[in-house]
Amino acid sequence: MTQDTANMTVVVTGASGRTGSRVAQSATAAGLTVRAASRAQGFDWQDRSTWARVLRGADAAYLVYPSDIGAPGVAEAVGAVAREAVGAGVRRLVLLSSRGQDRARDAEEALHASGADWTVVRAAWFAQNFSEGPLVEELRLSGELVFPAGEVREPFVDVRDIGDVVVAALTSGDRYAGQTLAVSGPRLLTFGEAVAEIAEATGRELTYRSVSARAYGERLAGFGVPEAAAGALVEAFEQLLDGRNAYLSDGVREVLGREPRDFGDFARDAAAAGTWKG
Ligand SMILES: NC(=O)c1ccc[n+]([C@@H]2O[C@H](COP(=O)([O-])OP(=O)(O)OC[C@H]3O[C@@H](n4cnc5c(N)ncnc54)[C@H](OP(=O)(O)O)[C@@H]3O)[C@@H](O)[C@H]2O)c1
């Protein structure tokens with residue numbers, strides 16, 4: 001590490017979420033001071049009057065925008081927050097992005113144009129989508145995961161690796177400034193194979209049933225997900241689950257000098273924590 005981490009304060013947006021919580025853990029373990037920034041702390045991506053107070057006096061920021069800001073709002077919001085950060089002297093910014101998603105590219109370009117010393121971490125699907133967030137309750141309670149992924153293969157990435165990569169980028173001076181780091185897990189799995197590995201780890205009978213993206217959107221609406229949010233998710237799934245992401249990326253090995261965590265380890269850890277107990 002080249003940066004003096006003892007005096008480094010990093011703003012972590014989405015610190016209560018899947019990736020932000022791991023970025024906060026990795027940053028704390030590396031000796032950084034973490035300033036959490038989500039709505040609970042008075043930071044709202046959709047209210048620019050809330051940004052300056054959170055950014056003031058910090059050295060760096062991890063930016064993760066919420067999934068339910070619909071396009072083109074994402075690029076606008078990322079560009080505006082990044083410009084505000086640069087204006088406040090917070091030049092070192094790491095943005096979480098997605099492999100293979102058009103609206104994520106627009107957000108990356110808005111970051112590039114902001115004048116920041118930027119790094120983009122482009123992630124594959126998270127392994128933790130199976131253990132945290134909206135998919136978990138259904139799998140846990142009914143033993144079935146209904147999802148519009150067909151037989152497509154994904155190299156699910158463990159969000160703990162995302163936290164480690166983000167913090168390594170933040171604490172390596174300029175080494176990763178101006179770079180896009182694509183991160184994935186070490187193996188391609190279908191969603192059915194992933195659920196089978198979770199079933200093995202838990203000892204429960206768990207199954208996967210594929211539906212169309214449109215039918216999945218209707219299910220979400222039936223569960224009370226607001227129309228705009230359901231529409232943004234369906235659009236994302238239609239794009240991301242067409243096979244375009246069925247390849248490995250080596251950002252974890254490149255930045256951390258070790259193999260990415262395997263899906264089987266994720267499944268065993270989450271099962272041991274009782275995640276899928278019926
Ligand atoms: N899921 C995947 O497989 C995957 C893969 C690649 C990239 N991504 C990207 O990852 C992002 C989601 O990240 P995540 O999974 O780490 O988050 P997450 O678990 O969905 O949590 C969302 C976080 O954002 C905060 N938040 C929500 N609305 C907010 C608002 N209006 N203003 C400020 N904070 C807000 C939430 O806290 P509060 O409720 O307290 O505000 C929470 O901390 C999306 O941009 C998605 O495109 C996801």
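Is Asp106 buried, exposed or partly exposed? I opened my notebook with that one, and found Asp106 partly exposed, at a relative accessible area of 43%. A reminder to myself: this is a predicted model.

**Entry: the negative patch**

I looked up where Asp106 sits, and its place is in helix α4. Next I checked its surroundings on the surface. Asp102, Asp106, Glu109, Glu235 and Glu238 gather there in a patch of negative charge. I then asked which helices supply the patch: α4 (102-112) and α9 (227-240) each give at least two residues. The most comes from α4, with three residues.

**Entry: strand β3**

I moved on to β3, residues 60-63.

Then I looked for the partners of β3. Strand β1 (residues 9-13) pairs with β3 in the parallel sense over three bridges, and Val11 has Ala61 as its bridge partner in β3. Strand β4 (residues 92-98) also runs parallel to β3, joined by four bridges. Here Ala61 turned up again, with Leu93 as its bridge partner in β4.

**Entry: salt bridges**

How many salt bridges does a search of the whole structure find? I noted 19. Side chains of opposite charge can pair when their charged atoms come close.

I picked out a few. The side chains of Arg258 and Asp164 meet at 3.0 Å, N to O. Arg258 lies in the loop between α10 (251-256) and α11 (263-272) and Asp164 in helix α6 (residues 159-170), so this pair ties together parts 94 residues apart in sequence. Arg258 is partly exposed at 30% relative accessibility, and Asp164 is partly exposed at 23%. I also found both in a network of salt bridges that links Asp161, Asp164, Arg258 and Arg261.

Another salt bridge joins the side chains of Arg187 and Asp262, at 2.8 Å, N to O. This pair links distant parts of the chain, 75 residues apart: Arg187 is in the loop between β8 (179-183) and β9 (189-190), and Asp262 is in the loop between α10 and α11.

**Entry: Gly222**

I finished with Gly222, in helix α8 (residues 213-222). Gly222 counts as exposed, at 63% relative accessibility.

Definitions and conventions. Residues are numbered from 1 along each chain as its sequence is written. This is a predicted model: local features need pLDDT of at least 70, side-chain atom pairs count only at pLDDT 80 or more; totals for chains, interfaces and linings use all residues. Side-chain values use heavy atoms; hydrogens and water are left out. Patches are made of residues with over 30% relative accessible area and no salt bridge: like charges are joined within 9 Å, nonpolar side chains (Val, Leu, Ile, Met, Phe, Trp, Tyr) within 5 Å. Accessible areas come from the Shrake-Rupley method with a 1.4 Å probe; for residues, only the protein chains shown count as cover. A salt bridge is a side-chain nitrogen of Lys or Arg within 4 Å of a carboxyl oxygen of Asp or Glu. Lys and Arg count as positive and Asp and Glu as negative; His and the chain ends are not counted. The place of a charge is taken as NZ of Lys, CZ of Arg, CG of Asp or CD of Glu. Buried means under 20% relative accessible area, exposed over 50%, partly exposed in between (1.4 Å probe, protein chains only). Two strands pair if DSSP finds at least two bridges between them.
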